[in-house]
Amino acid sequence: MEKLLKAYLRRLTNLSSANRSLFLSQLTEGNHLDLHDLDFATNQTSFAIIAALIAGKSDIKICPRVDAYRRHENQTSDKLRKISRQCRFIQEERGTRDLYVGWPIVRGRFQDGTVVQCPLMFFPVKLKEGDAYWYLSQVETEEPQFNI
């Protein structure tokens, strides 16, 4: 029985380059955002956002919603709005929350030559739009997961 289950596990594990959890060559508009785009948007580094997620803090201020003098932050706010809209749509259609922060990004090759470029861990998060800022908070009911 154990051999049979291991055989099924090998078949279910998608190790092809089409698997975005294994090979993420580029970030797609509306689905992905590089945290470095949030660097110093609220006078903190992108690594400070990761450190706050690891510490389990809630309502981490990540970006101003609209700032007439900062074009880059407005573009990032638009990206966050698209991601938020997509997450809301997925939750309404499928009933699942599928928003994660992936960190750190691992790059390399398996022994058979398969290229790997993917996040090592996934932190389940919620994206909230406040009066003046976007906030990121970790989902309390879920733990960070390894990318298996």
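Let's start with cysteine 63, which is buried, at a relative accessible area of 0%. Buried here means under 20% relative accessible area, exposed means over 50%, and partly exposed is in between, using a 1.4 Å probe and protein chains only. Cysteine 87, by contrast, is partly exposed at 21%.

A quick word on what we're looking at. This is a predicted model, where local features need pLDDT of at least 70 and side-chain atom pairs count only at pLDDT 80 or more, while totals for chains, interfaces and linings use all residues. Residues are numbered from 1 along each chain as its sequence is written, and side-chain values use heavy atoms, with hydrogens and water left out.

Now the overall layout. We have three helices and five strands, in the order α-α-β-α-β-β-β-β from the N terminus. Those are DSSP runs numbered from the N terminus: helices are H or I with at least four residues, strands are E with at least two. The protein has 148 residues, and 28% of them count as buried.

On to the inside. A nonpolar core, for us, is a set of buried Ala, Val, Leu, Ile, Met, Phe, Trp, Tyr and Cys residues joined through side-chain atoms within 4.5 Å. The largest one has 19 residues, and those touching the most other members are Leu38, Ile62, Leu80, Val101, Leu127 and Leu136. At least two residues of this core come from each of α2 (46-54), β1 (60-64), α3 (71-94), β3 (115-129) and β4 (133-138).

Take leucine 136 as an example. Setting aside neighbours within four places in sequence, its contacts include Ile49, Leu53, Ile62, Val101 and Leu127; contact means heavy atoms within 4.5 Å.

Finally, some backbone details to look for on screen. Most residues other than glycine have a negative phi, and most peptide bonds are trans. Where is the cis peptide bond? Between tryptophan 103 and proline 104, with omega about -15 degrees, and proline 104 sits in strand β2, residues 100-109.

Phenylalanine 40 has a phi of about 60 degrees, and asparagine 43 has a phi near 60 degrees. Are their side of the story buried or exposed? Phenylalanine 40 is partly exposed at 48% relative accessible area, whereas asparagine 43 is exposed at 71%.
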